[in-house]
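Let's take a walk through this structure together, with an eye on how its parts meet.

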Amino acid sequence: MTLLLGPPGSGKTTLLLALAGKLDKDLRVSGKVTYCGHEMHEFVPQRTCAYIGQHDLHYGEMTVRETLDFSGRCLGVGTRYDMLAELSRREKEAGIKPDPEIDAFMKATALSGQETNLVTDYVLKILGLDICADIMIGDEMRRGISGGQKKRVTTGEMLVGPAKVLLMDEISTGLDSSTTFQITKFMRQMVHIMDVSMVISLLQPAPETYNLFDDIILLSEGEIVYQGPRDNVVEFFEYMGFKCPERKAIADFLQEVTSKKDQEQYWSRKEEPYAFISVSDFVQGFKSFHIGQQLGDELGVPYDRSRAHPAALVKVRYGISNMELLKACFSRELLLMKRSAFIYVFKTTQLTIMSVISLTVFLRTEMPVGTVQDGQKFFGALFFCLVTVMFNGLAELALTVLRLPVFYKQRDFLFYPAWAFGLPIAITRIPVSFLESTIWIVLTYYSMGFAPSASRFLRHSSMCTMLLDKD
């Protein structure tokens, strides 16, 4: 469990994105990142590791539990099912009878594609979200949970998945020190019990939170000043001539000691005149420090791929089958439509009122036929019909735009492919379009005096339906 420290602008987010394989393709990158000796193109980094960003992007209409359930359903269970099958086989061979409660727990967490999962309840409890599990997350227009709880939902959204590497960027934003400590304490238990790797970026951690970490990576001006055990970081800076005061938080000391403004106050070699030590000098000093030498020796030897377990790296793009992904997205879309039912009722009511107004304006008793001037009135009626039906769908356009950031995030994290998101939206809108077009046509077609033949009526009806579907 590694703490990533550094002042703002030092490159913490860029480093985490590079480790997660999410850097912009237009950037020029030198060097390479390997997992168990494998380069990024040999496996699926988005499924092997989980990047948890600074921004909280969620559907405001969904509750906390529904958000985590959907995330766990799409991400799948990873190797938990295979591990359980192997464990059961070995227990039978050894004649071991497992504890009923533990056996039931492991089987419940190894089932994929379920609408609800026991892992969700576990994460909710650990993150302190059980008190707001059935409350809507909320957004700018809808009251919901607090900012700190949203940050925990963002973290829990990836914790319910099977990722073995977790990269967390400023997860303490909006949280008090006590909540940050509780979350970090849970992360520590998770790292040591489940054998996962975790890099957490924090700006100003409290001393009790700082002491929970195993390793420290200190960044400054885009360079790694120190990388190694937490217990040796103060020793390194004493080796460089700087000492942390007794009542000073070590995390604050580490971020100030590389600053030109604050560095002089920590100078401990009083017999020598102080001279500013730049970040490059710290980097060179770390290479001669025993921790830096040990790290260099380890990195100098190529990693033996045979040491890696076949299940350590994920090579499948999605956690569940395409049909299960489609079912999950369908159920979520139906839920979102149910929560936004007022918009659809309002649209239908508005169209009904507009159709009544239209049929009184273009009433068939006032629509003579036989001349060009009379035909212009029918053209006007048709044009008004098209415009009204077409712009009736604009009320839903804002919903689609607001949902795009969440879609982009979940698509990039390989929750589901783009077609699994778009297909349910298109299909679920068809009944609504049929209903709205039927109301408009039934009230206006014959009242306006259009051609009474059935073929013309059906053609006009299909045209209105297609317009509503395009909206």
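This is a predicted model: local features need pLDDT of at least 70, side-chain atom pairs count only at pLDDT 80 or more; totals for chains, interfaces and linings use all residues.

How many salt bridges does the rule find across the interface of domain 1 and domain 2? There are three.

Now step back to the overall layout. The protein chain splits into domain 1, made of 2–230 + 278–307, and domain 2, covering 322–469. Their contact draws 21 residues from domain 1 and 24 residues from domain 2. Between the C-alpha centres of domain 1 and domain 2 the distance is 44 Å.

What does the interface look like in terms of area? Domain 1 and domain 2 bury about 2,100 Å² between them, and 65% of that lies on carbon and sulfur atoms. On the domain 1 side, Tyr59, Glu61 and Phe70 lose the most area to domain 2, together accounting for 33% of what that side buries.

Finally, let's see which elements of domain 1 face its neighbour. Helix H2 (45–48), helix H3 (64–75) and helix H7 (147–159) each give two or more residues to the side that touches domain 2. H3 supplies the largest share, six residues. Sorted by class, this side of domain 1 holds 10 nonpolar, five polar and six charged residues.

Key. Residues are numbered from 1 along each chain as its sequence is written. Side-chain values use heavy atoms; hydrogens and water are left out. Domain bounds come from an automatic or database domain assignment. Contact means heavy atoms within 4.5 Å. Buried area is the accessible area (1.4 Å probe) that two parts lose on being put together, summed over both. A salt bridge is a side-chain nitrogen of Lys or Arg within 4 Å of a carboxyl oxygen of Asp or Glu. Helices (H or I, at least four residues) and strands (E, at least two) are DSSP runs, numbered from the N terminus. Ala, Val, Leu, Ile, Met, Phe, Trp, Tyr, Cys and Pro count as nonpolar, Asp, Glu, Lys and Arg as charged, and the others, Gly among them, as polar.
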